[in-house]
Amino acid sequence: MSDSHQDTLRTHLERMPVSEPPAPWSVIGGSAVGGLTEIGFVPGTDDLLVLSGQGRGLFDTLSGAKIARDSNDAFDNPDASWLTVPAIGRHDGATVPLAGLVGGGLPRQTHDGWMLEVIQLPWPRHVLFLSSNYSPPYDDAGNSWKICDDGACEYRAAGFSPSGRSFVFASSCELVIYGRKGG
């Protein structure tokens, strides 16, 4: 790809207005989480475990509600892995794969064609794009929306829940939860 083509794409993406997500998506919840480091979905659920310097929180991403809290930031991690952590609350005993400050990843695509892309525009700002019909964020057919960025905080992770009925955007100071009916 030539530099001029890349510059044209970057300019196009930077000029896109930030908007609400398209139907059927909407913001359904979120939380200020100081010192957020990692997040991960409890396997097979829409429940999200959030790690921060203040401990662990568990969120139901279908309702946006915080459903459990553990303020112990020095929890026992018998797996001794940086990319997994034991769950809390109704999932106590489950092992949760993580994404965030130390690596890892979350699903960026649903079975029905919704996609997430996080792009640095301009550096160091991270912008979240939501696209439909398996379209890239620079699609000119109206299938892509610029929906949020990390603002004054630092990007940590973004991705869909296992069911594809919700997705999250996490920064070092905030968690934003998006959901849809059906899925």
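This is a predicted model: local features need pLDDT of at least 70, side-chain atom pairs count only at pLDDT 80 or more; totals for chains, interfaces and linings use all residues.
Start with the rings. A pair of aromatic rings is described by the distance of the centres and the angle of the planes. The count here comes to seven aromatic pairs. One of them joins tryptophan 25 and tryptophan 114. Their centres are 5.8 Å apart, with 85° between the planes. That makes the pair edge-to-face. Tryptophan 25 sits in the loop between α1 (3–15) and β1 (26–32). Tryptophan 114 sits in the loop between β9 (103–104) and β10 (115–120). The pair therefore ties together parts that are 89 residues apart in sequence.

Both partners fall below the 20% limit for buried residues. Tryptophan 25 has 3% relative accessibility, so it counts as buried. Tryptophan 114 has 11%, so it is buried as well.

Tryptophan 114 also pairs with tryptophan 145. This pair is tilted, at 6.2 Å centre to centre and 35° between the planes. Tryptophan 145 belongs to strand β12, 31 residues from tryptophan 114 in the chain.

Now move to aspartate 150. It lies in the loop between β12 (144–149) and β13 (155–160). Aspartate 150 is buried, yet has no salt bridge. The side chain of aspartate 150 does reach the backbone nitrogen of tyrosine 155, at 3.1 Å. Aspartate 150 also touches other residues, among them Pro124, His126, Phe169 and Ser171.

Terms used. Residues are numbered from 1 along each chain as its sequence is written. Side-chain values use heavy atoms; hydrogens and water are left out. Helices (H or I, at least four residues) and strands (E, at least two) are DSSP runs, numbered from the N terminus. Buried means under 20% relative accessible area, exposed over 50%, partly exposed in between (1.4 Å probe, protein chains only). Lys and Arg count as positive and Asp and Glu as negative; His and the chain ends are not counted. A salt bridge is a side-chain nitrogen of Lys or Arg within 4 Å of a carboxyl oxygen of Asp or Glu. A polar contact is a pair of N or O atoms within 3.5 Å; within protein, one must be able to donate a hydrogen and the other to accept it, and residues adjacent in sequence count only if both atoms are side-chain atoms. Contact means heavy atoms within 4.5 Å. Rings of Phe, Tyr and Trp (its six-membered ring) pair if their centres lie within 6.5 Å; planes under 30 degrees apart count as stacked, over 60 as edge-to-face and the rest as tilted. Lists of a residue's contacts leave out its neighbours within four places in sequence.
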